[in-house]
Amino acid sequence: MTIESKNESGKLTLTITGRLDTSTSPKLEEELKASYEGVTELVFDLQKLEYISSAGLRVLLSAQKTMNKQGIMKLINAREEIMEIFEITGFTDILTIE
Amino acid sequence: MKEKKNTAKREKKKPKVSIIFKSILGIVILLIVFSVIVSIMGFNNFTDALLDQYSDGAFRTANTAVMEFDAGKIDDYAASGGKTKEYVTALESMERLCNSSGSTFIYVIRPDLTDYRHITFLFSTINKNTDYTRYEFGFVRDTTNEEYMEKYRKLYEGTSEQELVIRDKGYIETDPHITAMVPIKDNDGKTTAILCVQRQMDNLVHVRNTYIGKILIVMIVLMILVIIGQIVYLHRVFLRPVKKITEEASRFSHENDLPENKLSEKVKSNDEIGILAGSIDRMEERIVKYIDDLTKVTAEKERISTELGLATKIQASMLPSVFPPFPDRTEFDIYASMDPAKEVGGDFYDFFLVDDDHLCLVMADVSGKGVPAALFMMASKIILANYAKMGKTPSEILRAANATICSSNQEDMFVTVWLGILEITTGRLTAANAGHEYPVIMHPDGNFEIYKDKHGFVIGGMEGLKYKEYTIDMKPGSKLFLYTDGVPEATNAEKELFGTERMLAALNKGSDGSPQDILKTVRSSVDAFVKDAEQFDDLTMMCLEYKGR
């Protein structure tokens, strides 16, 4: 998994490529923890995300909870397979998915 | 664990060539070269100095003889035939000079002037202390060699006033001598004969031999002294400490612990060897510390590994694993299995009778894996079972569990839960889903099909959530298959997912079988698909067959 990060005056866009699972999620979690400060809009571009496991969902949930306090969070370009996982787990009700 | 000490006898390696021998060899060669140079220089100096002395004496004698000699009468002497009174007087006077000056010979010659190849003796005297015989008047002889010829010529032609011939070839020859030559000139300054004074140089040879002998003795004594001195010095300053260091290094490599006395205390030296000893001390300390650390870390790892193994066992023992679980209940058959991807996983299933008529089924998946997931799983399992046994409905159970878990969930962990309660007498299944995979249902004479139930959010994710509840009527022969995402998301080496389609196909292939057979069929289908690829996620399945009364 690779993370591309782009910060434009408070709008942080993270493009995630590959699999977000038990072994790669901690990397995303660290990346997020290091860059929350001053972020008012957090965008996950999931176009290149192939797979998300429950560990990855946990990181997204954490991010959502953090962003609830300081701004908004969006997920964009999620593939069908990923969307299905969001639906099954009920994350579609919690996250803003465009 | 204590290692056996000194089991193998320590090999004492002897150096092929001792460092002492090497260093002494160097010094001996140096001494020999030095003494040869000194000998040659001294030898030459002696020779030069003695030759100067000898030649000075010879020329003084020659000049005295020439002065006493009446040059004007040379032709008379030549004509005298060695018999006239004048000749005899001159010869006697010359003989006296020869004896008093210590010369070997004093003689007067006339070479033949065409090519100087022959000489004619006019006078010839011999020191009385020698046993040579003298040449009679008029004796003619071949000139000894080219050198003499050349010198005779120079004296006759007037290009030189005195000549010296040194014959000490080989230097140690028995009769080295010098011959000093001066011309005898008439009143016109023309050379008419040559007066020669010959001196033996026995003394020179003797002095030189003594000198070389002394140098030899001094050198040998010096060599012995240097060798002894060098051995003692090297032994004290170099070899003994190096030997101690070598022994210590060898000891350490076998025993791997610190010595009783530090090397730098044993080797007290302010040179490089002392520094080396100190360095070895420090190195040993560091290695020992490193080994200690490593041992601790390894022990710690072993402990963790053991505890993880225990955790896995405890976790497994938490799940009902005796089948059939309710041998006296004929209304239903149930089978379940869990294969964690890591030592301890986050998946769990559960089933238990709430009362005689109600069977509670739980299939759940905790976010993440490993020990944190396992701990969270245990808590979730107990909380869910507790609320279920209080007689709550599935949606109430999930709501209450979510509230409990959220109140103390610092790590944002969550668990997806499918929970159903089967009313055994009627076959009515009431269920609620908190973000878990869809259940799969098969009714008699039908196929296994995904049942797209109403989903709520995962448990532990957010406070104050409510869950919707639904019912399914199970008929005798109906089967319910529950699973975690490890099944549809099992991945092969080409990164393909097993998927729900393949899962349904596997289920329908053996749909007639018992719950245990059905799980086996799915499992082998997953294994055939994944082949050798690593198992990423826990693989947990449960199957219920409702048989009715």
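Guide: Let us begin with a pair of residues: Asp350(B) stands opposite Val362(B) in β9(B). Residues are numbered from 1 along each chain as its sequence is written, while chains are lettered from A and ligands numbered from 1 in the order in which they are written. The model is a predicted one, in which local features need pLDDT of at least 70 and side-chain atom pairs count only at pLDDT 80 or more, whereas totals for chains, interfaces and linings use all residues.

Visitor: In which sense do strand β8 and strand β9 of chain B pair, and over how many bridges?

Guide: Helices (H or I, at least four residues) and strands (E, at least two) are DSSP runs numbered from the N terminus, and two strands pair if DSSP finds at least two bridges between them. Here β8 (residues 347-355) and β9 (residues 358-366) of chain B are antiparallel, with eight bridges. The hairpin that links β8(B) to β9(B) passes through two residues.

Visitor: In what order do the five strands of the open sheet in chain B lie?

Guide: The order is β7-β17-β16-β12-β13 in chain B, with antiparallel pairing. Its edge strands, β7 and β13 of chain B, each pair on one side only. Axes are lines fitted to C-alpha atoms, for helices over the stretch in contact, and angles run from 0 to 180 degrees between N-to-C directions. With direction ignored, neighbouring strands of this sheet are turned by 15 degrees against each other on average.

Visitor: How many bridges join β12(B) to strand β16 of chain B?

Guide: Three bridges join them, and the two strands run antiparallel; β16 of chain B spans residues 479-483. Val440(B) has Phe481(B) in β16(B) as its bridge partner. Helices also pack on the sheet. α10(B) touches β12, β13 and β16 of chain B, and its direction makes about 155 degrees with that of β13(B). α11(B) touches β7 and β17 of chain B, and makes about 150 degrees with the direction of β17(B).

Visitor: How many residues has helix α11 of chain B, and what distance does it reach from its first C-alpha to its last?

Guide: The expected span of a helix is 1.5 Å times one less than its number of residues. Helix α11 (residues 515-530) of chain B has 16 residues and reaches 23 Å from first to last C-alpha, close to the expected 22 Å. Just after α11(B), Lys531(B) has a positive phi of about 55 degrees.

Visitor: Which residues of α11(B) are buried?

Guide: A residue is buried if 20 or more other C-beta atoms lie within 10 Å of its own, exposed if 12 or fewer, and partly exposed in between, with C-beta atoms placed from the backbone. In α11(B) the buried residues are Pro515(B), Ile518(B), Leu519(B), Val522(B), Ser525(B) and Val526(B). They cover an arc (of the directions from the helix axis to the C-beta atoms) of only 125 degrees, which puts them on the same side of α11(B). An α-helix has 3.6 residues a turn, so residues three or four places apart point the same way. On the face turned away from that buried side are the exposed residues Ser524(B), Asp527(B) and Ala528(B). The cover over the buried residues of α11(B) includes β7 (332-339), α10 (499-509) and β17 (539-546) of chain B.

Visitor: Is Asn99(B) partly exposed or buried, and why?

Guide: Asn99(B) lies in helix α3 (residues 85-101) of chain B. It counts as partly exposed because it has 15 C-beta neighbours inside 10 Å. Two residues are in contact if their C-beta atoms, placed from the backbone, lie within 7 Å. Leaving aside neighbours within four places in sequence, Asn99(B) is in contact with Asn127(B) and Lys128(B).

Visitor: Where is Ser9(A) placed?

Guide: Ser9(A) is in the loop between β1 (2-8) and β2 (11-20) of chain A. Its phi is positive, about 35 degrees, although it is not a glycine. Ser9(A) is exposed, having 7 other C-beta atoms within 10 Å.

Visitor: How many residues of chain A and of chain B are in contact?

Guide: 16 residues of chain A are in contact with 19 residues of chain B. On the chain A side, α2 (54-70), α3 (80-88) and α4 (91-94) each supply at least two residues. The largest share, seven residues, comes from α2(A).
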